[in-house]
Amino acid sequence: MSAETKELLDKAIGVVCTQAKLDPKSSVAIDDMQARPSLPLQSPEAREGAERAQRLLPVAKDLVITALHQLQTDYGFQNQPKFNQRMRQAIARVNSVSRVRPDMESRDNASVYLSRPHVITFGTIFLAGLRSDEGMLSVLAHELTHIADGDNDGLRLLVAAVGNKASDLTGLDIHGQRAEEISCDLIGAMVVRTYIVTTPGYESITRRLARSIQHNCVELDEGDEDHLSPRNTIRALLALNPALVRELLNDRFE
Ligand SMILES: [Zn+2]
């Protein structure tokens, strides 16, 4: 990355995490969610979040499929019969998801059990912490991308290509499961962008775009073998998506 690109990227991170403080519908940061007590299923915030997630699920499915096709083209896999076959299976898996299941025990996580691929299990703290349609869509899209990849890692070529590019751009080690996680986040950000383009409103574009990644604006920045740290996740996502950097900074779509 050039010094100029890096400077713009740092500014964009600043914008995302400033919006996290200013926006009344901003997504709660992951470390903040982790520190909260468990939230009963029947609490108003959890119920509101569960309704939001279920309402947005059909939109998320459509937009994930669009984003997968976009990435297939962007990463040069468009004319490969074997990849096309895997894409068809991935899309069928996404289309078969029918339900979000709120779960108190899952706390600040969302997950997919590949033995029950029609259901996304969503912790109540997470449901309550994603306070906007944009924030919720980004996480739904993330989980749907895991489902698309499936238990046979059907999208492994694409996932590896995204991880390699992110590693090259940032100097971070983004391979294996980390590559899958960043691919899921990248699709999340792409889905939210398309959603905003198609649902214009009075809120600023910057504010709405920021919601797709701002749950990563943590104070306590810890990763593990399978996940980049949240702040490195923002960095890698923006490095992969320079148009998003410009759009966040300019408050308009290109
Ligand atoms: Zn994940």
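## Two helix pairs, worked through

In α3, the residues Lys 61, Val 64, Ile 65, Leu 68, His 69 and Gln 72 meet Phe 83, Asn 84, Met 87, Ile 91, Val 94 and Asn 95 of α4 (contact: heavy atoms within 4.5 Å). This is a predicted model, with local features needing pLDDT of at least 70, side-chain atom pairs counting only at pLDDT 80 or more, and totals for chains, interfaces and linings using all residues. Residues are numbered from 1 along each chain as its sequence is written, and side-chain values use heavy atoms, with hydrogens and water left out.

**Exercise 1.** Work out how α3 and α4 are oriented.

*Solution.* Start with the axes, which are lines fitted to C-alpha atoms over the stretch in contact, with angles running from 0 to 180 degrees between N-to-C directions. Those of α3 (residues 44-74) and α4 (residues 81-95) come within 10 Å and cross at roughly 165°. So α3 is roughly antiparallel to α4 (angles over 145 degrees).

**Exercise 2.** Now do the orientation of α1 and α10.

*Solution.* Helices α1 (residues 3-22) and α10 (residues 230-240) pack at about 125°, axes 10 Å apart. That makes α1 oblique to α10 (what remains after under 35, over 145 and 65 to 115 degrees are taken out). For the contact, Leu 9, Asp 10, Ala 12, Ile 13 and Cys 17 in α1 meet Arg 231, Ile 234, Arg 235, Leu 238 and Ala 239 in α10. By class, that's 7 nonpolar, no polar and 3 charged.

Conventions
Helices (H or I, at least four residues) and strands (E, at least two) are DSSP runs, numbered from the N terminus. Ala, Val, Leu, Ile, Met, Phe, Trp, Tyr, Cys and Pro count as nonpolar, Asp, Glu, Lys and Arg as charged, and the others, Gly among them, as polar.
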